[in-house]
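Welcome, and thank you for taking a look at this structure with me. Let us walk through it one stop at a time.

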Amino acid sequence: MDAETLDLARWQFALTAGAHFLFVALTLGLSVLLAFMQTAATFTRKPVHRRMTRFWGQLYLINYGLGIVTGLVMEFQFGLSWSGLTHYAGNVFGASLAMETLVAFFIESTFLGLWIFGWNKVNRWVHLAFIWIVTITAYASAYWILVTNGFLQHPTGYTVDGDGLRLVDAVAVLTNPSTLYAFFHILGGAMVVGGFFLAGISAFHLFRRTPEHDFFVRSLRTGIAVAVPAVMFTVVSGGIQMGYVRQIQPAKMAAFSGSESELAALQAEAVARFGPGDYLPSVAAVRGAGLTMIMLFLPLLLLGGISLLLMAFRPVVLRFRLWHAVLMAAIPLPFVAMIAGWVFREMGRQPWVVTGLLKTSDAVSDVSPTAMRASLIAFGSVFALLLLVNYWLLFRTAARGPAAATLGAEPAEAAGPVLAY
Amino acid sequence: MEYAAVALLALYGLGYLVLGGADIGAGMLLFALGKGDRERRLVVSAIAPAFLGTEVWLVATAGVLVGAFPSLEGELLTALFPAVVTLLIGWVVRDVGLWSRGRVDARGWRTVCDVAVCAGSWTVAGAWGLVFVGAGEAGIGRAGPVPGIGSLMLAALVAAVFACHGLGYAGLRLGGAVGARVARTAGRIGAWRLYALTSAAMALVGLGIGTRLPLLETVADGATLAVLVPALLVVTPFLLAAQAGMWWLFRGRVRGPGYF
């Protein structure tokens, strides 16, 4: 295989999956918050809950819509760039991808459309069911993708047969600890992202003294109340994982701790087992990403804990502008931690695409470097534009506040500006 | 089991071409059917409520392909690399246009988004033409066909089928001035008959691709199919029911602008 094609294909997948992960983290976190807001709105019929659902729902949809397309591309990249992987391991990991698309994503997408365009068209209880179905299937989708990813990290339930793998134990694939640990860890991380997003944007409006006190005090409190336990849950679920990862991927943890002697021993062991080659991941990438992820926990927990105390006092919530500014500045931190955790997990697996079975360099498609470079440039520029448009639209829509939300507006309201022409 | 896997692939693939193809076709005709900002918003409203539920059929098709025909998926996508990359870029651009157009209340912004929807739709349709032309090459391990004049014309014909199908769909969804324009373009054939005709043409496109693929030869291992196929057969009726519910809810003609 062409070494240049390999590098280009790796960059392409990393950019696609990385961009997708940034979108997904916020989508997963916000969807739960949104489902609870709409539940409150449906049960209590209080206007504030309905307005919260519409405002935060609109931000959720911007992020969802621009994020969904990166996922579409990613699904096709397995075959486009990594046909060696589908050829060798497709019998096992292809099935979980198929389940993700049909059991989870198909329903999620259909019901998201129903939720967006079903406002004021269906009974409010039915509409509430729509958002819950979207939320639950979003998490089901995350589970199935992590079944695929968990298999690549730590293959289970297979046997080697000729030049490929064969499935022997579906239950072992579905209950792979590498999948389950990561699922709960990411679930917690997504709630941290969502919680700080809610708190930060609410703080922005409180800072600006937007006359929507009740709305943003509630939103800020919700965000913090979710973020603090989520940070602790994420830390604990990450900590529990560490010992397990040391067992299944010792090189990942050796690179993380940067221990030269351990790395040398693992390299020698791998050479004895698999023949000559370089079997260690990049220490700089794995250690840098791992430390970034872990060190961010401290400021987040500290800020969350202090905020938990401060938010008990309504005058403080309304007037403590320094605190507002800090909360605004904290919005990106959980995103950084998420992406660092992802780099740690994925770079730490190299040079393997399926740990111990198939090297990344043996999985890349037989495509010319020119074709791969052209597609990398095309996808790279489109995704860069997507992220820019996403964060600009999110900021703009967030800054305009709840009064400008058009999602779920009564038909008369929606027609207002049109009639004025 | 092998035949059930092929049937599932056909179901989702044809479902995409008929349902999702209509959205692509209508997007291609966005500027032809919608004169001015307000009318274009109506055309978008004809596409919008269901587009999430129609494009997902292609995701499902890719899912069945990678699950039940994993090595074919790799070889097919690699062999058709330029066409598939083009398809994906067009799809992304179209979707971003759809999602973004209503988010900023400025005429210039909406025009840019409409151009994205229209250009993206053309790109997708053209790429499907290339996939149609190149489908026979898959499995041979060649790095993609070099299209001659004949195959390029065939690809253009496939793209034209998408556009006609979009016209048929728009005729069913739109009334008023835009609907009248659709009816004039379509001639005397009538909206339902046109839609049925173009749906059949789209299905032929799908069969033209599918029948040239070495499906039975590349089907996944029996142990995989024994788990995957029954699971997919169980969920499929639920997915179809959800789709039916969606179409029932959005069955009426477009009366005014929607969220996009």
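Between chain B and chain A, nine residue pairs are in polar contact. Please keep in mind as we go that this is a predicted model.

Across the interface of chain B and chain A, the rule finds one salt bridge. Its partners are Asp221(B) and Arg166(A), with the closest N and O atoms 4.0 Å apart.

From the interface, let us turn to salt bridges within each chain. Over all chains, the structure holds 15 salt bridges. In chain A, Arg51(A) forms a salt bridge with Glu212(A), and the closest N and O atoms are 2.9 Å apart. This pair links distant parts of the chain, 161 residues apart: Arg51(A) sits in helix 2 (residues 47–81) of chain A, while Glu212(A) sits in the loop between helix 6 and helix 7 of chain A. Are the two partners buried or exposed? Arg51(A) counts as partly exposed because its relative accessibility is 28%, whereas Glu212(A) is buried because its relative accessible area is 16%.

In chain B, Asp114(B) is a residue to look for. The side chains of Asp114(B) and Arg40(B) meet in a salt bridge, at 2.9 Å from N to O. This pair, too, links distant parts of the chain, with Asp114(B) in helix 6 (residues 107–134) of chain B and Arg40(B) in helix 3 of chain B, 74 residues apart. Asp114(B) has 0% relative accessibility, so this residue counts as buried. Arg40(B) has 9% relative accessibility, so this residue counts as buried.

Asp114(B) also meets Arg101(B) in a salt bridge, at 2.8 Å from N to O. Arg101(B) counts as buried because its relative accessibility is 0%. Through salt bridges that share partners, Asp37(B), Arg40(B), Arg101(B), Asp105(B), Arg110(B) and Asp114(B) are joined into one network.

One member of that network, Arg110(B), gives us a way across chain B. The C-alpha atoms of Arg110(B) and Leu152(B) are separated by 33 Å, and the two residues are 42 residues apart along the chain. Leu152(B) is found in helix 7 (residues 149–173) of chain B. Leu152(B) is partly exposed because its relative accessible area is 42%.

Now let us go back to chain A and look at the surface. Which residues form a nonpolar patch there? Leu180(A), Phe184(A) and Phe233(A) do, and together they have about 250 Å² of accessible area. Of these, Phe184(A) lies in helix 6 (residues 177–207) of chain A. Phe184(A) counts as partly exposed because its relative accessibility is 41%.

Our last stop is the backbone of chain A. Most residues other than glycine have a negative phi, and most peptide bonds are trans. Against that background, Asn120(A) has a positive phi of about 65° although this residue is not a glycine. You can find Asn120(A) in the loop between helix 3 (83–117) and helix 4 (124–153) of chain A. Arg209(A) also has a positive phi, near 55°, and lies in the loop between helix 6 and helix 7 (213–248) of chain A. At 36% relative accessibility, Asn120(A) counts as partly exposed; Arg209(A), with a relative accessible area of 45%, is partly exposed as well.

Finally, a cis peptide bond joins Gln350(A) and Pro351(A), with omega about 5°. Pro351(A) lies in the loop between helix 13 (332–347) and strand 3 (352–354) of chain A.

Conventions
Residues are numbered from 1 along each chain as its sequence is written. Chains are lettered from A and ligands numbered from 1 in the order in which they are written. This is a predicted model: local features need pLDDT of at least 70, side-chain atom pairs count only at pLDDT 80 or more; totals for chains, interfaces and linings use all residues. Side-chain values use heavy atoms; hydrogens and water are left out. Patches are made of residues with over 30% relative accessible area and no salt bridge: like charges are joined within 9 Å, nonpolar side chains (Val, Leu, Ile, Met, Phe, Trp, Tyr) within 5 Å. Accessible areas come from the Shrake-Rupley method with a 1.4 Å probe; for residues, only the protein chains shown count as cover. Helices (H or I, at least four residues) and strands (E, at least two) are DSSP runs, numbered from the N terminus. Buried means under 20% relative accessible area, exposed over 50%, partly exposed in between (1.4 Å probe, protein chains only). A polar contact is a pair of N or O atoms within 3.5 Å; within protein, one must be able to donate a hydrogen and the other to accept it, and residues adjacent in sequence count only if both atoms are side-chain atoms.
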